[in-house]
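I opened a notebook on this structure and wrote down each thing I looked up. The entries follow in the order I made them.

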Amino acid sequence: MDIKVRYRGETVIDKRVGDCCIYSKTMLPGLELLTPIELPDSQTVEYKVLKPSEKQKEHTNTVIDSMLKGLIFEYDQSDRSLYVTRHCKGKVFCQSTQFHIGQSVITLEKEKRFKIFDYNKFDCDFYQWYKEDYLSGSRMPIQKPEIFFSVAQKWQPPCAVLDEDASSSADNGLVLDDCLLSIIIQPVSANENIEAVDKKNLSDQTPTGVKMKHLLYSNDDQQFVSDNSNVQYANGYYPQYRPYDAYNNGSQPVTPSNNTHVQQHVITQLTP
């Protein structure tokens, strides 16, 4: 899987790994076979996209500290699915483009294994799209699979249909880019199959991804919150976060304006 860890809009970790644990300071014992991904201190990051204030760096480190013991990401070959397990004390919010499009984010329960991507379902959806849309000539793009996470802050996904409770609990329209700590997971093989079709590198008969039956996997003030439909989008991309150019047309860091709609909240709410 491809993993990006971001402090607001700044990517601080970008790597391709197999089973792994994203954590702060200490992992759970007995996880030596997992790839360790330790979160860097916010004060040590060289910011290129957004230059945070010292207050924002302090808040970011508070969220990072709540990732003690971390999040475990693993692939289960028995059902060809990706799972996440939360062990950290900070609340973690999640949305998968495979399962939760059009819905509000979900909260991961502590110590509970949660499926975030299913390759069997992807194969079926991919084949149906290829046969009914691509080969028919409509060329309607398929949704690229991504899984989004935020820690200690609840964001508002685009196009989500909220009920009254969800609307009131969202951080006043906070988007993923504004979250102090966010994580983006991309299933490698699934996205490679889609990109291959986009580049016309697949056979005109049957997409390679359908033929493959083996493992489709590659090894200043913010508010804190603590404690299955498959919709296709015409643009082929679900805009959970903004690209670099949306922040800055040049290469120099910029200082964002304060999010006046987001107020500072009690840090102790990071506890479960």
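**Entry 1: two loop residues**

I began with Ala-152, which is found in the loop between E10 and helix H3 (164-169). I noted at the outset that this is a predicted model. Ala-152 has a positive phi of about 70°, although it is not a glycine. I then looked up its accessibility: Ala-152 has a relative accessible area of 0%, so I put it down as buried.

I turned to Arg-8, which lies in the loop between E1 and strand E2 (10-16). Arg-8 is not a glycine, yet its phi is positive, at about 55°. Is Arg-8 buried or exposed? Its relative accessible area is 6%, and a residue under 20% counts as buried, so Arg-8 is buried.

**Entry 2: the partner of Arg-8**

I looked for what the side chain of Arg-8 meets. It forms a salt bridge with the side chain of Asp-178, at 3.7 Å from N to O. This pair links distant parts of the chain, for Asp-178 sits in the loop between H3 and E11 and Arg-8 in the loop between E1 and E2, 170 residues apart. Asp-178 and Arg-8 are both buried.

**Entry 3: a cavity**

Arg-8 came up again when I looked at the second largest cavity, where it is one of the lining residues. The volume of this cavity is about 60 Å³. Besides Arg-8, its lining includes Tyr-7, Ser-42, Tyr-47 and Leu-50. Pro-52, Gln-56, Thr-60 and Leu-180 also belong to the lining. I sorted the lining residues by kind and got five nonpolar, three polar and one charged.

**Entry 4: the open sheet**

Next I traced the strands. In what order do the six strands of the open sheet run? I wrote the order down as E2-E1-E11-E10-E7-E8, with antiparallel pairing. The edge strands are E2 and strand E8 (106-107), each of which pairs on one side only.

E1 and E2 run antiparallel and are joined by six bridges. Strand E1 (residues 2-7) also pairs with E11, in the antiparallel sense, over five bridges. Strand E10 (residues 147-151) pairs with E11 over four bridges, again in the antiparallel sense.

I checked Ile-3 on both sides. Its bridge partner in E2 is Lys-15, and in E11 Ile-3 stands opposite Ile-185. Ile-185 in E11 is also the bridge partner of Ile-147.

Why did I write that strand E11 is largely enclosed by the rest of the structure? Four of the five residues of E11 (residues 182-186) are buried, so that is how I recorded it.

**Entry 5: helix H2**

I moved to helix H2 (residues 119-134), where Asp-125 and Lys-121 both lie, four residues apart, about one turn of the helix. An α-helix has 3.6 residues a turn, so residues three or four places apart point the same way. Asp-125 and Lys-121 form a salt bridge, with their closest N and O atoms 3.3 Å apart. I looked up the accessibility of each. Asp-125 has a relative accessibility of 17% and counts as buried, whereas Lys-121, with a relative accessible area of 23%, is partly exposed.

Which residues of H2 are buried? I listed Tyr-119, Phe-122, Asp-123, Asp-125, Phe-126, Trp-129, Tyr-130 and Tyr-134.

At the start of H2 I found a contact from side chain to backbone: a side-chain oxygen of Asp-118 reaches to within 2.8 Å of the backbone nitrogen of Asn-120.

**Entry 6: other salt bridges**

I asked how many salt bridges there are by the rule used here, and the count comes to 13. One of them joins Asp-79 to Lys-115, the closest N and O atoms being 3.8 Å apart. Asp-79 lies in the loop between strand E5 (71-76) and strand E6 (81-86) and Lys-115 in strand E9 (residues 113-118), so the pair ties together parts that are 36 residues apart in sequence.

Technical notes:
Residues are numbered from 1 along each chain as its sequence is written. This is a predicted model: local features need pLDDT of at least 70, side-chain atom pairs count only at pLDDT 80 or more; totals for chains, interfaces and linings use all residues. Side-chain values use heavy atoms; hydrogens and water are left out. On a 1 Å grid over the protein atoms alone, a cavity is a set of points where a 1.4 Å probe fits but cannot get out, and a pocket is an open set with protein on both sides within 12 Å along at least five of seven lines; lining residues have an atom within 4 Å of a point. Grid points are joined across faces, edges and corners, and a volume is the space filled by probe spheres set on the points. Ala, Val, Leu, Ile, Met, Phe, Trp, Tyr, Cys and Pro count as nonpolar, Asp, Glu, Lys and Arg as charged, and the others, Gly among them, as polar. Buried means under 20% relative accessible area, exposed over 50%, partly exposed in between (1.4 Å probe, protein chains only). Two strands pair if DSSP finds at least two bridges between them. A salt bridge is a side-chain nitrogen of Lys or Arg within 4 Å of a carboxyl oxygen of Asp or Glu. A polar contact is a pair of N or O atoms within 3.5 Å; within protein, one must be able to donate a hydrogen and the other to accept it, and residues adjacent in sequence count only if both atoms are side-chain atoms.
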